[in-house]
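Colleague: Please take me through the helix packing and the domain arrangement, and set each term against its definition.

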Amino acid sequence: MQKIAVLTSGGDAPGMNAAVRAVVRRGISYGMEVYGIYHGYEGLMQGQITLMDAGSVGDIIQRGGTILHSSRSEEFKTDAGQQKGIAELRRKGIEGLVVIGGDGSFRGAQKLSDKGFSTIGIPGTIDNDISGTEMTLGFDTAVNTVLEAIDKIRDTATSHERIFVVEVMGRHCGDIALWAGLSGGAESILIPEVNVEINDVTHRLLEGNKRGKKHSIIIVAEGVCPASEIAQRIKEEAGLDTRVTVLGHVQRGGSPSAFDRMLGSRLGAKAVDLLREGQSGKMVGIQRNRITEVDFADVFTIENDIDLDMYELSKTLSI
Ligand code: ADP
């Protein structure tokens with residue numbers, strides 16, 4: 001394989017640039033021509049395809065977001081859209097594609113592979129909601145961003161003896177809430193995977209109060225319900241006032257952590273290696289610190305479990 005391309009799609013995540021850099025430079029090290037596709041699948045269909053050299057990915061490993069930009073595209077979900085994308089790639093003589101993105105992007109990547117175009121996926125999403133990899137690219141940075149915010153909120157919570165309800169990202173997967181909540185010492189963590197009654201939360205608050213605990217931090221993943229709803233129910237059921245903070249898109253940004261730069265570099269290089277071996281329809285991932293490969297079919301069918309031991313531990317340690 002002499003010509004390959006790389007694109008970023010769906011929600012951006014810190015570490016995507018490290019992966020783009022690794023794809024470009026690993027490819028060049030094999031004597032390949034590597035092309036960057038701008039604006040995800042939308043740009044692919046429009047032929048926004050540029051030859052990259054080693055210098056074009058210089059000075060990006062430390063930057064958040066993606067220099068290739070991202071997009072969402074309804075047209076690409078159609079058969080005609082996918083054929084259009086493949087035609088643009090073939091017109092340039094490109095034979096392999098690396099897609100950096102989340103679950104939705106992988107569904108598109110699988111369609112390309114099914115249509116005979118060699119495609120490998122790199123899991124890039126802050127949510128850590130992809131099966132077949134213990135960590136997704138950007139998750140570690142997002143957890144650290146949330147943790148920094150929790151530490152700051154804790155300072156003011158302690159000073160004013162207040163209860164804070166902090167809403168973090170995670171529509172279906174509570175990993176950001178769980179990891180940041182456990183490492184930030186949150187009193188309660190609410191995640192979509194575990195059904196928690198509000199009186200359990202208020203009970204913990206009131207028990208804490210009895211021991212003289214005057215401040216508390218409750219982390220809620222957005223997939224559970226809005227933080228304001230939790231605040232209102234705590235008021236109704238326990239008569240306690242709370243303050244609400246919704247962290248929002250700050251969680252997507254920022255300079256990637258050392259872990260995400262490492263992960264992006266390793267996954268990017270492995271993706272190129274797989275294309276070179278003639279493989280397709282797979283995602284590269286990390287398991288027990290080893291870079292692995294998983295069929296897209298398994299990524300879509302294996303359940304992405306939450307670590308319930310970690311969840312129980314967070315309850316034990318936040319008494
Ligand atoms: P993420 O990759 O972060 O999960 P999205 O779910 O928005 O983000 O998916 C990104 C893009 O992938 C979509 O805008 C669409 O172009 C493409 N995509 C999503 N689902 C499919 C599908 N079932 N078939 C083909 N392409 C898809």
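**Helix packing and domains**

Modeller: Helix α7 (residues 198-210) packs against helix α8 (residues 227-238) at about 65 degrees, their axes being 10 Å apart. This is a predicted model, in which local features need pLDDT of at least 70, side-chain atom pairs count only at pLDDT 80 or more, and totals for chains, interfaces and linings use all residues. Residues are numbered from 1 along each chain as its sequence is written, and side-chain values use heavy atoms, with hydrogens and water left out.

Colleague: Why are α7 and α8 called roughly perpendicular?

Modeller: The angle is about 65 degrees, and the class of roughly perpendicular runs from 65 to 115 degrees (under 35 is roughly parallel, over 145 roughly antiparallel, the rest oblique); α7 and α8 are therefore roughly perpendicular to each other.

Colleague: Which residues of α7 and α8 meet?

Modeller: Among them are Ile198, Val201 and Leu205 in α7, and Ile230, Ile234 and Ala238 in α8; contact means heavy atoms within 4.5 Å.

Colleague: How is the chain divided into domains, and what area do they bury?

Modeller: Domain 1 comprises 3-138 + 256-301 and domain 2 comprises 142-252, with bounds from an automatic or database domain assignment. Together they bury about 810 Å², which is the accessible area (1.4 Å probe) lost on being put together, summed over both.

Note on methods
Buried area = accessible area lost by both parts, 1.4 Å probe. Axes fitted to C-alpha atoms, helices over the stretch in contact; angles between N-to-C directions. Helix = DSSP H or I, 4+ residues; strand = E, 2+ residues; numbered from the N terminus.
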